[in-house]
Amino acid sequence: MMMDDVMIYHLGYDYPRMRRTLRQNTDPELNELQFRGSHRYVQNMTKEDWEQLGGEVANNDHLEEFNVHDGALNNQKMTSLFRGLTRSSSIDAINLYENDPGQTLFRALCNSPFESLDLRSCGLSSLEIDSDYIPANLAYLDLSKNNIGPDGCRGLATLLQKENSTLDTGSLDRNNKILANALRSNTGVIAETGE
């Protein structure tokens with residue numbers, strides 16, 4: 001399927017073809033993958049399947065964007081996927097909207113090359129971010145349509161205030177009002193974001 005000159009393989013439609021194409025690493029038009037949790041095959045994938053797929057994706061040097069949405073991942077599956085995926089040298093955008101990223105996501109992203117992370121509608125109320133595990137290259141973070149509360153504000157502040165933080169743009173649209181108020185009143189955080 002061609003969309004705006006971007007080849008998108010939907011895992012639920014032709015999984016064998018996508019796996020062969022990933023392994024062969026010969027299709028320069030394969031620069032985006034999309035996985036929908038509503039497809040039966042995706043629902044039945046084990047932790048081991050996700051880890052193997054992460055390695056196959058990481059070994060493909062044409063991929064730029066990786067999309068997994070509609071509840072395809074839980075915390076365990078996401079951890080398994082990222083064991084391989086974070087070794088990718090070409091992917092710069094990860095979209096995990098409408099999933100449960102769990103509390104280990106930012107630790108898994110620590111040394112990843114990813115510059116953009118979409119966590120829209122993930123049901124997040126907090127962000128567990130250890131200051132020793134800040135994503136090294138993350139420049140854009142979308143936290144829209146979540147319910148970020150006080151704990152999430154502290155996690156976001158940790159992410160923004162860390163020395164050498166690369167995060168400079170984000171979206172907090174349709175979120176808990178406490179997050180917007182905390183960011184407005186914390187001039188140190190706002191100064192760090194360049195706003």
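A residue is called buried when its relative accessible area is under 20%, exposed when it is over 50%, and partly exposed in between (1.4 Å probe, protein chains only). The model is predicted, so local features require pLDDT of at least 70 and side-chain atom pairs pLDDT 80 or more, whereas totals for chains, interfaces and linings use all residues. Residues are numbered from 1 along each chain as its sequence is written, and side-chain values use heavy atoms, leaving out hydrogens and water.

**Exercise 1. Determine whether Leu-117 is buried or exposed, and list its contacts beyond its neighbours within four places in sequence.**

Step 1. Leu-117 belongs to strand 6; strands (E, at least two residues) and helices (H or I, at least four) are DSSP runs numbered from the N terminus.

Step 2. The relative accessibility of Leu-117 is 2%, so the residue counts as buried.

Step 3. With contact defined as heavy atoms within 4.5 Å, and neighbours within four places set aside, Leu-117 touches Ile-94, Leu-96, Leu-105, Phe-106, Leu-109, Leu-138, Tyr-140, Leu-141 and Asp-142.

Step 4. For Ile-94, 23 residues from Leu-117 along the chain, the C-alpha separation is 5.0 Å.

**Exercise 2. Describe the setting of strand 3 and its pairing with strand 4.**

Step 1. Strands pair if DSSP finds at least two bridges between them. Here 5 bridges join strand 3 to strand 4 (residues 65-69), and the two run parallel.

**Exercise 3. State how many aromatic pairs the structure holds, and classify the Phe-35/Phe-66 and Phe-82/Phe-114 pairs.**

Step 1. Rings of Phe, Tyr and Trp (its six-membered ring) pair if their centres lie within 6.5 Å; planes under 30 degrees apart are stacked, over 60 edge-to-face, and the rest tilted. There are 3 such pairs.

Step 2. Phe-35 and Phe-66 have ring centres 5.0 Å apart and planes at 50°, a tilted pair. Since Phe-35 is in strand 3 and Phe-66 in strand 4, the pair ties together parts 31 residues apart in sequence. Both residues, Phe-35 and Phe-66, are buried.

Step 3. For Phe-82 and Phe-114 the centre distance is 6.3 Å and the plane angle 75°, so this pair is edge-to-face. Phe-82 lies in helix 4 (residues 75-85) and Phe-114 in the loop between helix 5 (105-108) and strand 6 (116-118), 32 residues apart. Phe-82 and Phe-114 are both buried.

Step 4. One aromatic cluster is formed by Phe-35, Trp-50 and Phe-66.

**Exercise 4. Compare the span of helix 6 with its expected value.**

Step 1. The expected span is 1.5 Å times one less than the number of residues.

Step 2. Helix 6 (residues 150-161) has 12 residues and reaches 16 Å from first to last C-alpha, close to the 16 Å expected.

Step 3. Buried residues of helix 6 include Gly-152, Cys-153, Leu-156 and Leu-160.
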